[in-house]
Amino acid sequence: MFNRKIQKIGRSSYFINLPKKWIEQFNLDRGSIIKLSISKNGSLIIEPTGEAKEENVATIHITSTISRDIISKYLLGYKTIKIVSSRGLTEDEIKIIKDTVRFLIGLEVVEEGLNEVIIQSMLDVESIHPSKLISREGIIAEGILRDSITSLVKRDINTALLASRRDEEINRFYFLLVRVLRSALQNYNIISKFNLTPLDIVDYRLAASYIESVGDCATNIARCSVDIISNNVEEDKLNTIVDIGNKIVGFYRRAITAFLDKDYKIANDIISTVKRFREEIDGELKIVDGRLFNVFSNLERITMLIVDIADLVLIP
């Protein structure tokens, strides 16, 4: 952060000195045009019209935490990631690098040598609005939950198994969303193009985290469903799970819609409805155990997350 004193010229003109490093970074000079705007909170935003000189490159020296290191640089928004090793990269290390790259949306290995691997992001973060990623992440989580419930109705182990393995899809979109949001916070041009405020960015990050947790709970239910289907469980208990689960799917879908549309009325209705509905789940938790308890426990956790998502919708 830079502190500057306001200077005055003549009777009505005021000026401040701009940081030299910022001027040089964006190739600005006397006579260059800059954009001024006032944000909703009263901050004065100064935008350069030139491109930054600095190349967005991160260099990683190979270690045992290489996968986590790549993910970290990805989340920080680096466009190019260089992985180097003075002793040479082993076959196992290259495999870990490539597996990590395949997991992260938009990354590709563009160069590979004995001592260096270069990874580049092929995605333009300015072209991906966070709302689209939230919507996609939400659809995946809903699909896992719906399939885990459907597997119980049909007593279909294959459907339950497939649902239990889909949590990685949510993680991929969650990481991409975090990358987009962090890039927006670091570049006012992006946040302006998205027509979002810093508070909106925080809300999107929270919503994404809640949705990821819904996906985790749904995956846990799917894993429990495999065991439940394999064993003889009372039909009435299965019917109760299916009935509660289907209602929760509906609540969840409405909460996502309310968040994306900023619909306070719907969000408020969901919060009050779900809070009353949780009493039904609490009653079941008192009379079941084992896998059934785990299922009802995860369903209860999802209802809490639904309320958290709806709570992000503020009074207009």
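Arg166 and Asp147 form a salt bridge in which the closest N and O atoms are 3.8 Å apart. This pair joins distant parts of the chain, since Arg166 sits in the loop between α5 (157–164) and α6 while Asp147 belongs to helix α4, 19 residues away. Asp147 counts as partly exposed because its relative accessibility is 24%. The structure described here is a predicted model.

**Salt bridges**

A search of the whole structure finds eleven salt bridges. Three of them are set out below.

| Pair | Closest N to O distance |
|---|---|
| Arg166 and Asp147 | 3.8 Å |
| Glu142 and Arg253 | 2.7 Å |

In the salt bridge between Glu142 and Arg253, Glu142 is in helix α4 (residues 130–154) and Arg253 is in helix α9, so the pair ties together parts that are 111 residues apart in sequence. Glu142, at 11% relative accessibility, counts as buried, whereas Arg253 is partly exposed with a relative accessible area of 41%.

Asp243 and Lys247 both belong to helix α9, where they are four residues apart, about one turn of the helix. Asp243 counts as partly exposed at 36% relative accessibility, and Lys247 is partly exposed with a relative accessible area of 36%. Elsewhere, Lys95, Asp99 and Arg102 are linked in a network of salt bridges.

**Gly245 in helix α9**

Helix α9 (residues 235–261) also contains Gly245. Gly245 counts as buried because its relative accessibility is 0%, and buried means under 20%. Not counting residues up to four places away in sequence, Gly245 touches Ile149 and Leu299. Gly245 and Ser148 are separated by 97 residues in sequence, and their C-alpha atoms are 9.1 Å apart in space.

**The four-stranded sheet**

Four strands form an open sheet in the order β5-β6-β8-β7, with mixed pairing. Its edge strands are β5 (57–61) and β7, each of which pairs on one side only. On average, neighbouring strands of this sheet are turned by 20° against each other, direction ignored.

Strands β5 and β6 pair in the parallel sense over five bridges. Within this pairing, Val57 has Thr80 of β6 as its bridge partner. Thr80 counts as buried at 10% relative accessibility. Leaving aside neighbours within four places in sequence, Thr80 is in contact with Asn56, Val57, Ala58, Ile118, Ile119 and Gln120.

**Helix α3 against the sheet**

Helix α3 packs on the sheet and touches β6, β7 and β8. The direction of α3 makes about 150° with that of β7. This helix (residues 91–103) has 13 residues and reaches 19 Å from its first C-alpha to its last, close to the 18 Å expected at 1.5 Å a residue.

Buried residues in α3 are Glu93, Ile94, Ile97, Thr100, Val101 and Phe103. Their cover includes α2 (66–75), β6 (80–84), β7 (107–112), β8 (116–121) and α6 (167–186).

**The nonpolar core**

The largest nonpolar core has 92 residues, of which Ile70 and Ile83 touch the most other members. Helix α8 (residues 198–230) supplies the largest share of this core, 15 residues. Apart from neighbours within four places in sequence, the contacts of Ile83 are Ile60, Ile62, Ile66, Ile70, Ile97, Asn115, Glu116, Val117 and Ile119. One of these, Ile97, is among the buried residues of α3.

Technical notes. Residues are numbered from 1 along each chain as its sequence is written. This is a predicted model: local features need pLDDT of at least 70, side-chain atom pairs count only at pLDDT 80 or more; totals for chains, interfaces and linings use all residues. Side-chain values use heavy atoms; hydrogens and water are left out. Helices (H or I, at least four residues) and strands (E, at least two) are DSSP runs, numbered from the N terminus. The expected span of a helix is 1.5 Å times one less than its number of residues. Buried means under 20% relative accessible area, exposed over 50%, partly exposed in between (1.4 Å probe, protein chains only). Contact means heavy atoms within 4.5 Å. A nonpolar core is a set of buried Ala, Val, Leu, Ile, Met, Phe, Trp, Tyr and Cys residues joined through side-chain atoms within 4.5 Å. Two strands pair if DSSP finds at least two bridges between them. Axes are lines fitted to C-alpha atoms, for helices over the stretch in contact, and angles run from 0 to 180 degrees between N-to-C directions. A salt bridge is a side-chain nitrogen of Lys or Arg within 4 Å of a carboxyl oxygen of Asp or Glu.
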